[in-house]
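Open the model in your viewer and keep the selection tool at hand. We will go stop by stop.

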Amino acid sequence: MHRRLIAGVTLGGFMLSGGWVRAEPQVPESATLRASEVSPDLGMPALAWTKHALGNGFEVVLHRDDRIPMVSVNLWYHTGPVNEPPGRSGFAHLFEHLMFEGSKHAGRQFDYLLESVGGTNMNGTTNWDRTNYYETVPSEHLELALWLEADRMGFMIDSLTQERLDVQREVVKNERRQSYDNRPYGPSGLKLYDLLFPPGHPYQGAVIGSMEDLSRASMADVRAFFARYYAPANATLVLAGNFNEAEALALVQKHFGTLAPRGPRVARPKPITGNFKAQRVIVKEPVELGRITNAWLTPPAYGPDEAALEIATRVLASGKASRLYQALVTTGLANDVSASLDANELTSVFEIQATLASGVKLPAVETVLDKELERLAKEGPTPEELKRAKTGLRLSFASQLQQLNANGGEGGRAGTLQRLNHYLGDPGALPRVLQAYGHVTPADVTRVLQTHLSPNLRATVVTEPQ
């Protein structure tokens, strides 16, 4: 459940001229496409890239920048909690941990080998739709990183034992305790996701999963999950940094192209739509300050309304000049307030949260929240607010694109190319994404708020100090 800088984007109805230009493949098994566009709206240059497909279905996206002597290796498996079997919530995240337990040829030396050559930023993350693994290495050691990732993809299961499974199961359980069960406002956060994603929904159980489901995970489950989802055809590799493209493709072919296909790419799930009725629960926690969280289910990632919804979060609660900060924090009613859009493949979540100041009663804060949201839905943002929101987005994108990898493998150049490829099948969609933000009008903001953020469609969790 990672917040994303590149999450609030949309392509609906916005297209630029141009497209993909075919380039010569560098290896026999490769089909290559190239794109380079510039968005006139936010003034951001597009990322130059090439895309290749090996004979076993493995995808490779290359972004070359010879100004720094480093390469970011970013590998996405197109699987997450959305693919978990019934009664196995948290399994995809548990599997992420297991991938660091070693592989047949590299043993358990993954981190040691990378650190010994100056590798940094080695980690993995899981969200509802995908699991990623990434590291950054000096350019001359790119092959080491590729060999290690290929060994995990092909042979992790060969070295996994019941003992290691049990160890990582307890690690994940302890992570749940530290991040949710025993953390202030953690139980309230889990309750919110229970309301939004009830039993039967693919996102049910959040990413972390339940203790009971984690306990039920078996070696048979692990082997089946690995065979089905950790196959070359269900993964995409992005290399971003200083490398020779022909040499890099040859190395990718050498280490990944020889892995057995193990089946086609898993079909992407279809968005879930349906009537969501307003729900409200009170969670008592041993905290000093009360909190209220309102959340709505909104259209999936890259839908036609997403850019306007993201603009709305910034008008409401981005910075001290935002509406909710002025109405709640400046007046002393709340200690903090936030608004966010978490965009995912099946559905997105628009969330507004406020922590009450000491001695303040909930009705005073809730009344202001409702009033300000209703006012924005009716009047829309002012020209100054709209300009400030777009400027903030421009700065955020610029900051992200200065890095090869960031934000848990979803940001930076490598993560941006991965996310666009995963959700749109087009690493070159960034210009259209930026253009969609540039085209948002006040009328767009009022329309999406009136359509998606009705009081009759929200989940509310109130945290009461105990």
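Select helix H4 (residues 162-181) and helix H5 (residues 186-196) in this predicted model. Their axes lie 7 Å apart and cross at an angle of about 95 degrees. Angles of 65 to 115 degrees count as roughly perpendicular, so H4 and H5 are roughly perpendicular to each other. Now show the side chains at the contact. H4 brings Arg176, Ser179, Tyr180 and Asp181, while H5 brings Gly186, Pro187 and Leu190. By type, these residues divide into 3 nonpolar, 2 polar and 2 charged.

Next come the salt bridges. The structure holds 24 of them. Side chains of opposite charge can pair when their charged atoms come close.

Select Arg268 and Glu345. Their closest N and O atoms are 2.6 Å apart. Arg268 sits in the loop between helix H8 and strand E9, and Glu345 in the loop between strands E11 and E12, 77 residues apart. Arg268 is partly exposed at 27% relative accessibility, whereas Glu345 is buried at 11%.

Move to Glu366 and Arg280. This salt bridge has its closest N and O atoms 2.7 Å apart. Glu366, at 12%, is buried.

Now pick Asp426 and Arg432. Their side chains meet in a salt bridge of 2.8 Å, N to O. Asp426 is buried at 9% relative accessible area, and Arg432 is buried at 12%.

Last stop: select Lys51, Glu59 and Arg265. Salt bridges with shared partners join these residues into one network.

Definitions and conventions
Residues are numbered from 1 along each chain as its sequence is written. This is a predicted model: local features need pLDDT of at least 70, side-chain atom pairs count only at pLDDT 80 or more; totals for chains, interfaces and linings use all residues. Side-chain values use heavy atoms; hydrogens and water are left out. Axes are lines fitted to C-alpha atoms, for helices over the stretch in contact, and angles run from 0 to 180 degrees between N-to-C directions. Helices (H or I, at least four residues) and strands (E, at least two) are DSSP runs, numbered from the N terminus. Angles under 35 degrees count as roughly parallel, over 145 as roughly antiparallel, 65 to 115 as roughly perpendicular and the rest as oblique. Contact means heavy atoms within 4.5 Å. Ala, Val, Leu, Ile, Met, Phe, Trp, Tyr, Cys and Pro count as nonpolar, Asp, Glu, Lys and Arg as charged, and the others, Gly among them, as polar. A salt bridge is a side-chain nitrogen of Lys or Arg within 4 Å of a carboxyl oxygen of Asp or Glu. Buried means under 20% relative accessible area, exposed over 50%, partly exposed in between (1.4 Å probe, protein chains only).
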